[in-house]
Amino acid sequence: MPYCWPTMALWPLVPHWAGHLTQQKRLNWWHACAIRPKQSASPSFFPTRRWNGLLKNLPITAQALGTKMPTEAYKNICIINIFNGLVEGLSHFSQASRAALVYLPEPESEVLIYDPQELLKGHEPRLRELYLDDPDFRTIVSETLARQPRGLFFKQKNLNLAGLISHGGSTHDFFYQMWFTEHHPDMSSIYPTERWIEHAGWLLSQEFGAENISMGTSGHALQNYTIHAITDHIIDVRNNLLGLDNMMLVHPILDTILNISKTKEEGSWARGKLIFVDPEKLTDIQFIAKIQRHERPYIGNVKHIRKLLLAVEHSTRKLVSDGKTIIGISNSKTPEFAIAANFQGDHGFLELCGQNLCSFFDGNFHSTTRKAKLVELEEILLDACLGTEKRTDLFKTIADIVHTAESRQHGCTLVVDLNPEPVNLSGHILEPCLSLKALNHLDLAKSLIKIDGALHIMADISLRGFGCLLDGKTIKGENMARGARYNSALRFTAEHDRVIVVVVSEDRPVSIIHHGIEINASCEWNPLPGYPSEPKTLQQYLNGVN
């Protein structure tokens, strides 16, 4: 009897499909599916006309299609459906994201590629080297796959292409696949995204190997995969640290963290740290205060836990939970295997092994660090005639001021003047200039950004003025939706070649403006057709065949 799609959607519950998974991972997935049914998914990423009926919730099976549905068309629909769900899900977890797929369904197949958003443009030489010029590529995959049990998704080597996250694998039903997506500069960690595209690969191999499938469901699962991807990574890390089958369920912990982040106490958002430690490891924690066993609040009692967080606000203290109840308050160092939630008002960070795994705000988890990376500013400074030490110190100073403005949630403008003689700006000019290498001067500069007008910072890391006004003639490319601060910076830099302006908006976007252009502006993608494009051979892709 063929497996129905709902069974496949809950694949960790099926022992003979998931024998390589730990009991703990199956328990976490069971709890996830039992207490948090997925919401109805939003529309697919691509508008679809030709296959509109296939990409909705209407169950369509390969058997029902019979001989009327060509095998290749069926496989293409599987790829497009999973691709759409992956792109939409990642775009909610991170900023707008693209994806691509390189694959071989069979060992003797041509290398195929699906890249409708041109994510892999610029990587053609490396793709040719890996997949077309290497005579041992198919042999190595075949020999490795022959040693694996049937049904196992065997992970393939990460390609480590610049600016991309990649993850792929092989099964006996699907010879080789490698998924790609963007590595955004502001990601806290790439691991949840890796688990996401790993699951996309697993779903695709299952669809290719199944004869009876409910079309559209796998794409919807990937659209709403955020908590599952984070859970998957946490379980993998904790299994490596503590061994298999540790007993703390991860999914309800993540639900509790989100619920606390959405709960105000006397009009204020949560602040402080809450850590989750395995019951058998609690003896390693030194408690300042412990709650009597019969009075310990369950983690589902969000309002009570939110009140208890008041005891650890603005301190090094932290609430300690065993995953079921709140045990007490500790001042100990957080163990690396513990899951930690650091609440910082209207947002917070999920930590594991002392590193941020992701952030949470607005009731959801996100990949962003909530700090501008200023990569474009660093690149401009690399091209400037500055010494290495001076360039590094200047960048760190600007980044420190920008991050301060972001954390305080107010806008500011920084004029970075690389000219030997400063440009003339109307404002409060300081005599003499203040060296921002001195911490007291830097603290003063962080306070001066709250005053209307721009800070005028010189290449020698000195503050020449504050409250400065920028002017210039109207230019093309102005955006009236961005306000006076942004458009004044465009006009000013268009008339001054060796000036960079950093604009921080109150709602946190940071713009790097040089030569009258926003350097870090997002490029518009080429409009996608009203129907899904089809995969092509890698040779056609490299030859530029549309």
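Asn 520 is partly exposed, with a relative accessible area of 21%; partly exposed lies between buried, under 20% relative accessible area, and exposed, over 50% (1.4 Å probe, protein chains only). The model is predicted: local features need pLDDT of at least 70 and side-chain atom pairs count only at pLDDT 80 or more, while totals for chains, interfaces and linings use all residues. Residues are numbered from 1 along each chain as its sequence is written, and side-chain values use heavy atoms, with hydrogens and water left out.

Asn 520 sits in the loop between strands E20 and E21 (536–537). Helices (H or I, at least four residues) and strands (E, at least two) are DSSP runs, numbered from the N terminus. Not counting residues up to four places away in sequence, Asn 520 touches Glu 376, Val 510, Ser 511 and Ile 512, where contact means heavy atoms within 4.5 Å. Leu 374 is 146 residues from Asn 520 in sequence, yet the C-alpha to C-alpha distance is 8.5 Å.

Val 510, Ser 511 and Ile 512 belong to E19. In E19 (residues 510–514), 5 of the 5 residues are buried, so the strand is largely enclosed by the rest of the structure. In a regular strand the side chains alternate between the two faces of the sheet. In E19, Val 510, Ile 512 and His 514 point one way, and Ser 511 and Ile 513 the other way. The pairings of E19 are listed below.

Glu 376, another contact of Asn 520, falls within the range of helix H12 (residues 375–383). H12 packs with H13 (residues 388–408) at an angle of about 155°, their axes 10 Å apart. Axes are lines fitted to C-alpha atoms, for helices over the stretch in contact, and angles run from 0 to 180 degrees between N-to-C directions. The two helices are therefore roughly antiparallel to each other, a term for angles over 145 degrees. On the H12 side, Leu 377, Glu 378, Leu 381 and Leu 382 meet Arg 391, Leu 394, Phe 395 and Ile 398 of H13. By class, this contact has 6 nonpolar, no polar and 2 charged residues.

Definitions and conventions: Parallel < 35°, antiparallel > 145°, perpendicular 65-115°, else oblique. Nonpolar A, V, L, I, M, F, W, Y, C, P; charged D, E, K, R; others polar.
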